[in-house]
Amino acid sequence: MIYFKSRFMVLLSTSICCVPAMASNDLYGPLRSYAQSPMQVVSHTNILRSGHSLPSDFVEAYGSGTVASVWAHTDEYALDYYHNQIELGSKWQINSRWQLELNYRWVFAADNHLDGLTKSFHKFFGIGQNGRDKVDRDRFYISMPQYDVLEDDFEGQTLANNLSTYLQYQVFQNEHHGLSIGGSLYLNDVAHGTFQGSNFEQGFQINYSYLSDAHAFYSMVGMTFRSDDRALLDLPYRQNTIAVASACGYALEDNHHLMFEYHWYQGSTEGPAEFADASNELVLGYRYLMENSALEFLAVENARNMDNSTDIAFTIGYRYIFSSS
C-alpha cells in the first residue's frame, strides 16, 4: 500500500512543482501540519513555517482537527491504535522583525474508524493487508516485550497535552525571498492514565521561503533539545534531534491552492531499532482562500520506514488573519 500511495503522491507533487507556478498574496505560508509519527506527535517537533513574516500588527488565529491510524509490526513490537489531535493557536506579527506564537495541542486515543477505510482501500487496489485482516478492528494495542510494555484498551486516554510558544526574528525579506529564525518552548503534561508524565523541551529552527506569482517554495531545518532521558512508555529518549522539511505549492486560481510537503524527522528514541531510525511523512493538501480566512484539507502518509510512523492521517483546519489595529 505504502509504495503505491507514496509513488502517487510523489508524482502528483512533481506535477505541482513543474507547472509555471503560490500566489504571492497568500499570507498563510505552508500547510499547518504537525508530525503524526507515534513518537514525534507526543513531543516537541519543529514544524514547517514560512520564511516571510506577516504584515506588521497582523494576527493569525487557527484551529484544526486530525484523525490518524497507527499500524506497525516488527519482531520487536506491535502497534495498532488510533490517535486524534485538536490544535488551537494564534501568532502575532509584533513589528516587521518579531513574531510571537502561542499554541495548544491535545492528542488522545479515540475510535475514528480508519481501519475500515484502510482495509477497503487495500482491497480495492489489490494490495495486501499486512496482517490487518488477522486481528480485531479498531484496537488500542501496544506491545514492546523488550521494554516490558504491554498496553491495550487505552481508548479515551490522553497521549499528549501541551502548550508551546514560538518567537521568530525576521532576518531578511523582499518580494521573493524570506529568511527567518525562531525558538520555541514546549511543556507537555498528562495528569493521569497510561501515558501520565510531564516534560519540558525546546526547539530552534531556520526558515527560508521563495514566492513568485502563482508558486511558492518553503523550507525548514530545526533541532529539538530535551533534558529527559525517557520518553513515551519509558522508552530511551534522544536528547537532541533534527528535523528537515520542504514544500512547494501552486495556485490553480486565486482561491484554490495545492501544496505538497516532505517532512523528515530524526528518530527521537534510541530504541526499539525502528524508532531509532528517521520517520518520513508526505503531506498533500488543498487550501481554499476566502476574504480574510482559509480552509485547509490535508492527508499525511508515511514513507520509507513503515514501522515507526503513522499509517495515514487526515486534517481539516481553519485559519483567520486580521489586523490587531
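Q: To start, how many helices and strands does the protein have?
A: The predicted model contains three helices and 14 strands.

Q: And what percentage of the residues count as buried?
A: Of its 325 residues, 53% count as buried. The protein exposes about 14,200 Å², and 58% of that area is supplied by carbon and sulfur atoms.

Q: Which residues have the most contacts inside the largest nonpolar core?
A: They are Leu79, Tyr81, Ile142, Met144, Phe154, Leu159 and Phe195, in a core of 27 residues. At least two residues of this core come from each of strand 1 (58-73), strand 2 (78-93), strand 4 (141-144) and strand 6. Strand 2 gives the most, with three residues.

Q: What is Ile142 in contact with?
A: Leaving aside neighbours within four places in sequence, Ile142 is in contact with Ala78, Leu79, Tyr81, Val149, Leu150, Glu151, Phe154, Phe195 and Leu233.

Q: Which residues does the second core include?
A: Ala35, Tyr218, Val283 and Leu298 are among its 20 residues, and this core is separate. As general background, nonpolar side chains in soluble globular proteins tend to be buried together.

Q: Changing topic, how much space lies in the largest cavity?
A: The largest cavity holds about 140 Å³ of space. Its lining consists of 18 residues, and those nearest its centre are Tyr34, His44, Ile47, Arg49 and Ser164.

Q: How do the residues of the cavity lining divide into nonpolar, polar and charged?
A: The lining of the largest cavity has four nonpolar, nine polar and five charged residues.

Q: What volume does the largest pocket have?
A: Its volume is about 380 Å³. The pocket is lined by 27 residues, with Leu27, Ser50, His52, Ser53 and Leu54 closest to its centre. Strand 3 and strand 6 each supply at least two residues of this lining.

Q: And the classes of residue in the lining of the largest pocket: how many of each?
A: There are 10 nonpolar, nine polar and eight charged residues in the lining of the largest pocket.

Q: Now for Lys91: where is its place?
A: Lys91 is in strand 2.

Q: Why does Lys91 count as buried?
A: Lys91 counts as buried because its relative accessibility is 13%, and the cut-off for a buried residue is under 20%. Beyond its neighbours within four places in sequence, Lys91 is in contact with Leu54, Phe58, Val59, Glu60, Gln99, Leu100, Glu101 and Arg319.

Q: What about Asp153: where is it found?
A: Asp153 is found in the loop between strand 5 (149-152) and strand 6. Its phi is near 55°, which is a positive value in a residue other than glycine.

Q: Is Asp153 buried or exposed?
A: Asp153 is exposed, since its relative accessible area is 65%, and exposed residues are those over 50%.

Q: Then Asp213: in which loop does it lie?
A: Asp213 lies in the loop between strand 8 (197-212) and strand 9 (215-226). Although Asp213 is not a glycine, its phi is positive, at about 55°.

Q: Does Asp213 count as buried or exposed?
A: Asp213 counts as exposed, at 61% relative accessibility.

Note on methods:
Residues are numbered from 1 along each chain as its sequence is written. This is a predicted model: local features need pLDDT of at least 70, side-chain atom pairs count only at pLDDT 80 or more; totals for chains, interfaces and linings use all residues. Side-chain values use heavy atoms; hydrogens and water are left out. On a 1 Å grid over the protein atoms alone, a cavity is a set of points where a 1.4 Å probe fits but cannot get out, and a pocket is an open set with protein on both sides within 12 Å along at least five of seven lines; lining residues have an atom within 4 Å of a point. Grid points are joined across faces, edges and corners, and a volume is the space filled by probe spheres set on the points. Ala, Val, Leu, Ile, Met, Phe, Trp, Tyr, Cys and Pro count as nonpolar, Asp, Glu, Lys and Arg as charged, and the others, Gly among them, as polar. Helices (H or I, at least four residues) and strands (E, at least two) are DSSP runs, numbered from the N terminus. Buried means under 20% relative accessible area, exposed over 50%, partly exposed in between (1.4 Å probe, protein chains only). Accessible areas come from the Shrake-Rupley method with a 1.4 Å probe; for residues, only the protein chains shown count as cover. A nonpolar core is a set of buried Ala, Val, Leu, Ile, Met, Phe, Trp, Tyr and Cys residues joined through side-chain atoms within 4.5 Å. Contact means heavy atoms within 4.5 Å.
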